[in-house]
Amino acid sequence: MIWNYFKGKKKRIVLDILFIGIFTLCFFLSEVSLLYVWYPSLLCFVVFFLYLIIDIWHFSKKHNHLKKLLQHIDETAQQLPAASDQLETDYQALVHTLLQAYKTSVKKNNEAARERQEYLTLWTHQIKTPITAMELMLQNENVKDFDALRREFAKRLFEIEQYVDTSLQYVRLDTLHSDLVLQNYRLFDIVKQAVKHFARSFIAKRISLHLEESDVSVATDEKWLLFVLKQLLSNSLKYTKQGSVSIYMNPNKKGSLILEDTGIGILPEDLPRIYERGFTGCNGRIQKQSTGIGLYLSKRILNQLGHEITVTSKEEGGTKVELFF
């Protein structure tokens, strides 16, 4: 420790010794009696030596204090010893800033971990429903209509696929930037992929589709936009008992795609919160199948892609979702 002290103070010590040497040399060259040369030189050396002892003691005390603080890093910023100069003040300000950034990062990571845990718990409960239904169907020994059984199995497998796909995109959301491939795509080529994915659902629920195709190109990421369109169509089919789903370009706003259904709509008090993670609203509590993740993911993905989304709806009056590219 003493060696570290001298290593840190070497410039100051060399300068002090140099001053004493200059002082002594000046007296010596002036042919003053040696008594007048050595006495003040010795006095300066004694004072200098006492200063070193006291300064080493302060250095040792501060060093030991800082070593103890290393064992309690969360309290370091509040218990740092008083700064002795401007540089130490600057270093302490830097420590405060770094510690605050560290705490913010830890808090953010903890919140993300908690969100993932909550979603995993919810996802587990949701996916158990189709799995349990399939198990019950397999245990039924009196099945006569195998075509109906096959259709029901296909429906349940489709539900499981939806849950798995959503969970995968949820996990990848934090690394979305590195996964983006932005290119110009024909918008309705992507729309038709999403529609084809739900073809059986349209037929099974007897919901008509009105698709007004338009030759529009947009700069986007095909995979992520397709996922968003699937989420929006899934919601439309989930909350539309009868009627239709319409997909068309807004004639009054360039670059604006509209998905409109004749479903049960959204309560006015629920509309401001539909993008919140885990919020299901009144409809979600009635349906028992909503995870409150779809619109949350869609909003975040569209923000990353530079697109906008607006939702207008009224109770029992359908829902209109507008994507602006």
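1. In the predicted model, isoleucine 258 has glutamate 322 of strand S7 as its bridge partner, and leucine 259 faces valine 321 of S7. Strand S5 (residues 256-261) and strand S7 (residues 319-324) run antiparallel and are joined by six bridges. Two strands are taken to pair if DSSP finds at least two bridges between them. Strands (E, at least two residues) and helices (H or I, at least four) are DSSP runs, numbered from the N terminus.

2. S7 also pairs with S6, in the antiparallel sense and over six bridges. Here threonine 312 stands opposite lysine 320 of S7. The two strands form a hairpin with five residues between them; in the turn, glutamate 316 has a positive phi of about 60°.

3. These strands belong to an open sheet of five strands with mixed pairing, in the order S2-S4-S5-S7-S6. Strand S2 (208-211) and strand S6 (308-313) stand at the edges with a single partner strand each, so one side of each is left without a neighbour in the sheet. From one strand to the next, the twist averages 10°.

4. Helix H7 (residues 187-197) lies across S2, strand S4 (244-249) and S5, and runs at about 165° to S4. Axes are lines fitted to C-alpha atoms, for helices over the stretch in contact, and angles run from 0 to 180 degrees between N-to-C directions. Contact means heavy atoms within 4.5 Å.

5. Leu42, Phe45, Val46, Phe49, Leu50 and Ile53 make a nonpolar surface patch of about 560 Å². A patch takes residues with over 30% relative accessible area and no salt bridge, joining nonpolar side chains (Val, Leu, Ile, Met, Phe, Trp, Tyr) within 5 Å and like charges within 9 Å. A salt bridge is a side-chain nitrogen of Lys or Arg within 4 Å of a carboxyl oxygen of Asp or Glu. Leucine 50 lies in helix H2 (residues 34-69) and is partly exposed, with a relative accessible area of 46%.

6. The protein has 11 helices and seven strands. Of its 325 residues, 36% count as buried, that is, under 20% relative accessible area, with exposed meaning over 50% and partly exposed in between (1.4 Å probe, protein chains only). The accessible surface comes to about 21,200 Å², of which 59% belongs to carbon and sulfur atoms; areas come from the Shrake-Rupley method with a 1.4 Å probe, and for residues only the protein chains shown count as cover.

7. Residues are numbered from 1 along each chain as its sequence is written, and side-chain values use heavy atoms, leaving out hydrogens and water. As this is a predicted model, local features need pLDDT of at least 70 and side-chain atom pairs count only at pLDDT 80 or more, whereas totals for chains, interfaces and linings use all residues.
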